[in-house]
Amino acid sequence: MGEGALDSRVVFVGEAPGRREDDTGRPFVGSAGKLLDRLLAKAKLNRVDVFITNVVRCRPPGNRRPKREEVKACSGHLMKLLEIIQPEVIAPMGNSAIEHIFEMFSLEEGVIGDVHGKACRVGAAWGSITVYPLYHPAAAIYNQKLLGELEMDMEGLAALLG
Ligand code: URA
């Protein structure tokens, strides 16, 4: 289902488990996870204090992008998880997660290059919350420009949390 503090003020949502994640049952433990850990630490956000999960629960064959019906099949689980944690901020990482979280909270579609690092207020069943889109850490591993943007956005998120 994911990993972290059930009383976390922020839930990070990735796309899908990769092979290492599927093997271990833990989200973001491969190379993208190592970068996420570094980014969290740099922004003084501790991995154990936040909650990290994915849009879909299993690794799609060949590590392809999850299909619409797969996302739909897992959507109820994700919503239930969010309702249990009731975060103040949801941070979808990457296109799949941004698309799905935007749809879940009736936000108008936006391209990642425009919406990343921008706080959007939405109404959730547990109150008014913020959706804060981020680039996916995997996209920033070999791209210095995206890495810089992701670092800045993570600082922005930390500032939002106060
Ligand atoms: N990429 C994701 O989107 N999720 C993970 O858990 C690992 C890599």
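Author: In helix α4, the buried residues are Ser96, Ala97, Ile98, His100, Ile101, Phe102 and Met104, where buried means under 20% relative accessible area with a 1.4 Å probe and protein chains only, and where a helix is a DSSP run of H or I with at least four residues, numbered from the N terminus. This is a predicted model, in which local features need pLDDT of at least 70, side-chain atom pairs count only at pLDDT 80 or more, and totals for chains, interfaces and linings use all residues. Residues are numbered from 1 along each chain as its sequence is written, and side-chain values use heavy atoms, with hydrogens and water left out.

Reader: Why is α4 called largely enclosed by the rest of the structure?

Author: Seven of its 10 residues are buried, so α4 is described as largely enclosed. The buried residues of α4 pack against β2, α3, β4, α5, β5 and β6, contact meaning heavy atoms within 4.5 Å.

Reader: What makes the crossing of α3 and α4 right-handed?

Author: A crossing is right-handed if the near helix is turned clockwise from the far one by less than a right angle, and left-handed if anticlockwise. The axes, lines fitted to C-alpha atoms over the stretch in contact, with angles from 0 to 180 degrees between N-to-C directions, come within 11 Å and cross at roughly 60°, and α3 passes α4 in a right-handed crossing. The contact includes Val71 and Leu78 of α3 and Ile101 and Met104 of α4.

Conventions:
Helices (H or I, at least four residues) and strands (E, at least two) are DSSP runs, numbered from the N terminus. Buried means under 20% relative accessible area, exposed over 50%, partly exposed in between (1.4 Å probe, protein chains only).
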